[in-house]
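Please keep the display at hand while reading.

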Number of protein chains: 2
Amino acid sequence: MARVEPEQNSIFATEMGEKNTLLLQALAGEMTPRPPVWVMRQAGRILPEYRAVRSRLSGFKELVETPELACEVTLQPVDLLGVDAAILFSDILVVPEAMGLPYELIEKVGPRFPETIGSAADLKRLHPVEPEEHLKYVLDAMRMTRRALDERVPLIGFAGAPWTIFCYMIEGGGSKEWSRARRMLRSEPALAEDLLDRITEATIAYLNAQVEAGAQALQLFDSWAGALDATLFERYSLPRLRRICEEVKGAPLIVFAKGAGWQLDRLATLPCQALGIDWHTPVAEARRRAPEHVLQGNLDPSTLYGTETEVRAATQRMLKDFGRGKHVVNLGHGVYPDIDPDRVRAFIDEVKRSGD
Amino acid sequence: MARVEPEQNSIFATEMGEKNTLLLQALAGEMTPRPPVWVMRQAGRILPEYRAVRSRLSGFKELVETPELACEVTLQPVDLLGVDAAILFSDILVVPEAMGLPYELIEKVGPRFPETIGSAADLKRLHPVEPEEHLKYVLDAMRMTRRALDERVPLIGFAGAPWTIFCYMIEGGGSKEWSRARRMLRSEPALAEDLLDRITEATIAYLNAQVEAGAQALQLFDSWAGALDATLFERYSLPRLRRICEEVKGAPLIVFAKGAGWQLDRLATLPCQALGIDWHTPVAEARRRAPEHVLQGNLDPSTLYGTETEVRAATQRMLKDFGRGKHVVNLGHGVYPDIDPDRVRAFIDEVKRSGD
């Protein structure tokens, strides 16, 4: 097994020009001196330096669609928080847009699709995705960021899982219950399968193109997996996750099915390298259900509202719960916008100290 | 153990003037010829007869606050769907309003509190609840409905659990993450405990008054329990649920902590008669974690978007999963507004047939 020098690798990686490959080692199942740590939504949201970039722009989409800017904010948490990986600043909704359904992001409200899929006729609006044509701005940002990182830390790419993208394409925006999307699974299963397959194909092409453009690891976000019961999850979501795991090559894949802790037995059958665990799922239960996989997670982001002492203690407890090895440290969901970056630093620092 | 005549008791209860006490028997742990069935949100939402009443009014609150109307729509599902219990048409937000924080219900948006609790100073807005003074309209509706039911089926009262009410009082409206409410638990625990205790006391007084006014069973809705990790749930929610279980007398209590399947071991320590199970939680896991309690649930409401055949098959599967006894049939969450009442009838009928 490859080993790294803990001291040089972790905290001082940037200063010393070291290559921090902890994430890739951990995803390969290797034992590392300490677990790697990154934070969902680390790029954007909490850093004043991000807000400074953001405030100069017309909107969120300008940031997503301008490679230089996406690259800039992707690098910020590497420099300013000291995470062990960069994740490209982008949005899962670029895929449905590339398929033919454009999205808007409305300040303080969220995403909105002016057109949605309600019937078989609406499928005519959609077309297959050619990543270098329809998503070139993401791939350019990926290439630029990979160069700029200069191997300091690995670069993560990502996409939404088919079920999650389907939710937005049906509902046209956020929803608590996703009952319209679930209604389509129940009342028009053939149409639902067709749309899910189209999304799956676009996602496979997109993720493979990300790897080609420099992504060294990938995360698949099934953010609304928790809206499905076991039967629906098994029929509609799981087979597409499997197909993506099988057809995306060249980078380890983390599948994060939020709110789907009860489906971990099923998720554990996927040929991916890691499974993300939300903060609701007890770590021991996750280990029991998915004993072979690397697990990623799972501190409750709201823990970071506590004092520094509380943050460090909670981080220690979490590290103990996961035990040594097969663990990529992260929150159990994206960091909240009003969390103090210093608390995120304390969280990261506590993980780094665990290797001392 | 008391037994009932299945045929006479269930389907033809109304016609034959029989007293259908299936729910009370099941909650008492008695074996019944078939499980009782009712539907969360059965009053309101799906029935055209409800919409006819609703369309004559200025808004939802008028319905909640006018005992004759609340009584009318409470009876509708007993007559029109054939459920084994009535649940009073009301809203969990009447309690924070009675404490001093009025709420509005905005069409297609949801509840909104013009004033919220953000600091210790805001607690001065609140006062203890005298149910016969501050919530007389609910108690009047309860008395009227109990009389109108004439013992045909039992009448259920309800309230929100302290954590769930707390969420609204802090956030001022719905939220996906309830991160502001969770922030208060993390950053101002003393203030949070104070507010939660005030809500708990109001809730105990309110539920005891409901029993006095005629409620024969009670349900406590911890709708946002799923936003808490195990540590927060154990510290902030569970002790208040326990206090309510201990201090509310005279009617069996169902605790429904939605999204908190992972907390079922803890919920199983509560001295209540039944635990509600959401549709995410596998029945076998629930039985394993709470073997002593009657369980209520848990069909995915979106199942009712399927064909009648699918609805009946899914209901059969659920009945089989729960096994005979210690089961109150329900959905795993409230019925969705666009579900066809005939599908709800098929669900109910399938449960009734199981006693043949």
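The model is predicted. Chain A can be superposed on chain B by a rotation of 180°, and 21 residues of chain A are in contact with 21 residues of chain B.

**Relation between the chains**

- The rotation of 180° that superposes chain A on chain B involves 0.0 Å of shift along its axis, and the RMSD is 0.0 Å.
- The two copies are therefore related as by a two-fold rotation axis.
- Among the residues of chain A, A:Lys176 comes closest to the rotation axis, with its C-alpha at 3.5 Å.

**Interface**

- Contacts between the chains involve 21 residues of chain A and 21 residues of chain B.
- Helix H11 of chain A (residues 179–187) supplies five residues, the largest share of the side of chain A that touches chain B.
- Sorted by class, this side of chain A has nine polar, six nonpolar and six charged residues.
- The copies meet through the same surface, because 100% of the interface residues of chain A are also interface residues in chain B.

**Helix H17 of chain B**

- Helix H17 of chain B spans residues 341–353, which makes 13 residues.
- From first to last C-alpha, helix H17 of chain B reaches 18 Å, close to the 18 Å expected at 1.5 Å a residue.
- Buried residues in H17(B) are B:Arg343, B:Val344, B:Ala346, B:Phe347, B:Ile348, B:Glu350, B:Val351 and B:Lys352.
- The cover over these buried residues of H17(B) includes strand E8 (294–299), helix H16 (308–322) and strand E9 (327–331) of chain B.

Terms used:
Residues are numbered from 1 along each chain as its sequence is written. Chains are lettered from A and ligands numbered from 1 in the order in which they are written. This is a predicted model: local features need pLDDT of at least 70, side-chain atom pairs count only at pLDDT 80 or more; totals for chains, interfaces and linings use all residues. Helices (H or I, at least four residues) and strands (E, at least two) are DSSP runs, numbered from the N terminus. The expected span of a helix is 1.5 Å times one less than its number of residues. A residue is buried if 20 or more other C-beta atoms lie within 10 Å of its own, exposed if 12 or fewer, and partly exposed in between; C-beta atoms are placed from the backbone. Two residues are in contact if their C-beta atoms, placed from the backbone, lie within 7 Å. Ala, Val, Leu, Ile, Met, Phe, Trp, Tyr, Cys and Pro count as nonpolar, Asp, Glu, Lys and Arg as charged, and the others, Gly among them, as polar. Copies are superposed by least squares on the C-alpha atoms of residues with pLDDT of at least 70 in both.
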